[in-house]
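Reader: Please take a close look at one part of this model, the place where the two chains meet. I would like the cut-offs stated along with the values.

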Amino acid sequence: MGKTLTEKVLGRKAGQDVVAGEVVSVSPDYVLSHDNSAAIIQEFRKLGVRKVKAPGKIVIVLDHIVPAADEKYAQNHKSIREFVAEQGLPHFFDINAGICHQVLPEQGFALPGLVIVGSDSHTPSYGALGAFAAGIGRTETACTWATDEIWLRVPETLRIDLAGRLRPGVFAKDLSLKLIGDHGAEMANYKAVEFAGPAAPDFSVGARLTLANMSAEMGAKNGYFAPDDKALKWLEGRARAPFVPVASDPDASYESVLPFNLDGLEPQVACPHTVDNVKPVAAVAGKPVDQVLIGTCTNGRLEDLEAAAAILKGRRVHPSVRVLVIPASWQVYREALGSGALAALVEAGCVILNSGCGPCLGAHEGLMAAGEVTLSTSNRNFRGRMGHRDSEIYLASPATAAATAVAGRITDPREFS
Amino acid sequence: MSRGLVWKYGDNVNTDVIFPGRYTYQIMTPEEMAVHALEDLDPAFAKNVRPGDVIVAGKNFGSGSSREQAATCLKAAGVRAVVARSFARIYFRNAINIGLPVVQSDEAVDALETGDPVDLDLGRGEIRSAKGTFRFRPLPPSVIGIIAAGGLIEYTKARLADREIEDQQE
Ligand code: SF4
């Protein structure tokens, strides 16, 4: 019987034939951490070892609170920089790089067939390029630094067969929200999610990153697209190492297959306070918002900023709304400067922030007071995540965010086309 | 290899009934946690469980919160392993990382009932009972090492101690 991409990638790493349900021990290709490296370093020290085992596999990206918002964060960053120097870690990205989940693909770490683990729940993003990528805990990360080894349970796979075509004004983000809304935030608990079907190759690498990123909100361990010509072309000039692409066999065994036709899909929004509380934008249109956030590891790429700029160009942000724009990385920042997207956003009255997580995790740069409402292009809308307990977060696509920024109320982006 | 008796439960045994939330923010030793194991599901369990006993359950064992005590309390109560149709994601990782074997076997769950004597062989991937021998994919040696060492931290420390000695010999 054939194998899924996940079974093949983990089997190759483990050096044996593996099937879903089995537990394997592997030496990962890369181990990611971010500002939480400060806490991981403390765990690592407790292990009583001086040196990490494989310095070249450790990738640290400062992105969560950059630049440091207070002394505590500054101290964390300092201790990380010192550790990087002490251990001679070659892959360190300081506060002028971007969000880890954008930096790793851009910098050619996220490659087909690799095993990447990270102490961040949105590590599955790298599946967009055909890697096996999964989130792990902090203690496990410290132990992996020390041993260059981690155990993983080979997940069963849910295949989502995409057919049809997205209509204008409808994006990968709407698809992910619709799927989570229909099937619940645990629809893929501990599973691999394969995005496949005749429409899968139509998705840009950016859109694939959005979908793989949002697979974490389905409960998935990893989410991926088979690496095709589009992915390989995108990797040209970026890939840091040779790689061997892997895809599922035609007769692979899936736990379930979910068909989805894109033709009828409308813009969606996740309402407070869970990601699976999803409605069509039309159902909540008119809801006033105080703030709009365009950015994050889910939707802060060039195509996202351009989708927002297409609506905001020549228009003004509504006077009662604050609009925060955060390019996902410095590379995106520079590209958006070059393309004119950033100029259009600034002219419209948006505030541009340094590449990083911004207010997404509720630490700095635009937190909400009680009773305030933000429409955000991020991936989580849990109560209090972006400020006061009694503030509200709606999740949507960058186009919906831009339309909402102009109108001051949740608005269907198709009204601007 | 060990012999114990089966404690059989159904689907969706969640972390709240394995280790009640009202105790989660009290600092307790593992032995104190063991007294409350499965308290809200089966009050007879903690009083009567013997070292080497095995929990057999249905789907999605350990769903709910990520509290590590829900694995620690069973291990401290002497539970040799949990055999289930499936486990909640975080529970599975927590259990192995604190040294509690978790094994998936539909056949064993179908056949076994409370009170059945069972042997468990992790290395060979076998559950043996009067009702038959049920096979599961054996765990890799490093994971058996984690369980044998009593958890990921102890295992890693032991491995590293070996490495330091090697380093000194180089
Ligand atoms: S942008 Fe938000 S979701 Fe993404 S890594 Fe940063 S904090 Fe996490």
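Author: Contact here means heavy atoms within 4.5 Å. The model is predicted, so local features need pLDDT of at least 70 and side-chain atom pairs count only at pLDDT 80 or more, while totals for chains, interfaces and linings use all residues. Residues are numbered from 1 along each chain as its sequence is written, chains are lettered from A and ligands numbered from 1 in the order in which they are written, and side-chain values use heavy atoms, with hydrogens and water left out.

By that contact rule, chain A brings 30 residues to the interface and chain B brings 21 residues. The size of an interface is often given as the accessible area lost when the parts come together. Buried area is taken with a 1.4 Å probe as the accessible area that two parts lose on being put together, summed over both. For chain A and chain B this area is about 2300 Å², and carbon and sulfur atoms give 56% of it. On the side of chain A, the most area is lost by A:Val23, A:Trp151 and A:Tyr190, together 28% of what that side buries.

Three salt bridges are counted between chain A and chain B, each a side-chain nitrogen of Lys or Arg within 4 Å of a carboxyl oxygen of Asp or Glu. One of them joins the side chains of A:Glu140 and B:Arg93, at 2.4 Å from N to O.

Helices (H or I, at least four residues) and strands (E, at least two) are DSSP runs, numbered from the N terminus. In chain A, β1 (23-26), α5 (138-147) and β7 (150-153) each supply at least two residues of the side that touches chain B. The most comes from α5(A), with five residues. That side of chain A divides into 13 nonpolar, seven polar and ten charged residues. In this division Ala, Val, Leu, Ile, Met, Phe, Trp, Tyr, Cys and Pro count as nonpolar, Asp, Glu, Lys and Arg as charged, and the others, Gly among them, as polar.

Leaving aside neighbours within four places in sequence, A:Asn222 is in contact with residues including A:Thr6, A:Pro124 and A:Phe132. The side chains of A:Asn222 and A:Thr6 make a polar contact of 3.1 Å.

How values were computed: Polar contact = N/O pair within 3.5 Å; in protein donor to acceptor, adjacent residues only side chain to side chain.
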